[in-house]
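Please view the sequence and the structure below before turning to the notes.

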Amino acid sequence: MDLLLRILITSSLVMILSYVMKGVHVDEFTTALTVAIVLGLLNFFVKPILLLFTFPLTILTLGLFYFVVNAIIILLCDHFVDGFDVNGFWNALLFSIVLSLSQSLVYKLTEDKK
């Protein structure tokens, strides 16, 4: 149930960000659901490989290259999902930063307090 809630939150945030940001376009909510699922799969399978290969560069830049890896993941998602368009690297970088921050905030607000 927690996974389904996270997918719905992420897809809602993707839709909201597509309305706010000029360089990101999402056709409909089902496309945003697909984007959320594909982003989760890319973060699970591809991101660790990218981080492994770019580890020296990430250390050299004191972790700032991690943002570039996130932008690459967004651009890969743009490539795989029809109806999701990101106009360029800088828009992907800004989208990944804002999406990560907003996800962290919403997840923190919706977590169960035990």
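Buried means under 20% relative accessible area, exposed over 50%, and partly exposed in between, with a 1.4 Å probe and protein chains only. The model is predicted: local features need pLDDT of at least 70, side-chain atom pairs count only at pLDDT 80 or more, and totals for chains, interfaces and linings use all residues. Residues are numbered from 1 along each chain as its sequence is written, and side-chain values use heavy atoms, with hydrogens and water left out.

**Helix H5**
- Helix H5 (residues 65–80) has 16 residues and reaches 23 Å from its first C-alpha to its last, close to the 22 Å expected at 1.5 Å a residue.
- The buried residues of H5 are Phe65, Val69, Asn70, Ala71, Ile73, Ile74, Cys77 and Asp78.
- These buried residues pack against H2, helix H3 (47–53), helix H4 (55–60), strand S2 (84–86) and H6, where contact means heavy atoms within 4.5 Å.

**H2 against H5**
- The axes of helix H2 (residues 29–45) and H5 come within 10 Å and cross at roughly 130 degrees.
- The crossing of H2 and H5 is right-handed.
- From H2, Val35, Val38, Leu39, Leu42 and Asn43 meet Ile73, Ile74, Leu76, Cys77 and Phe80 of H5.
- By class, this contact has nine nonpolar residues, one polar and no charged ones.

**Ser96 in H6**
- Ser96 lies in helix H6 (residues 89–110).
- With a relative accessible area of 4%, Ser96 is buried.
- Not counting residues up to four places away in sequence, Ser96 touches Phe67, Asn70, Ala71 and Ile74.

Notes: Helices (H or I, at least four residues) and strands (E, at least two) are DSSP runs, numbered from the N terminus. Axes are lines fitted to C-alpha atoms, for helices over the stretch in contact, and angles run from 0 to 180 degrees between N-to-C directions. A crossing is left-handed if the near helix is turned anticlockwise from the far one by less than a right angle, and right-handed if clockwise. Ala, Val, Leu, Ile, Met, Phe, Trp, Tyr, Cys and Pro count as nonpolar, Asp, Glu, Lys and Arg as charged, and the others, Gly among them, as polar. The expected span of a helix is 1.5 Å times one less than its number of residues.
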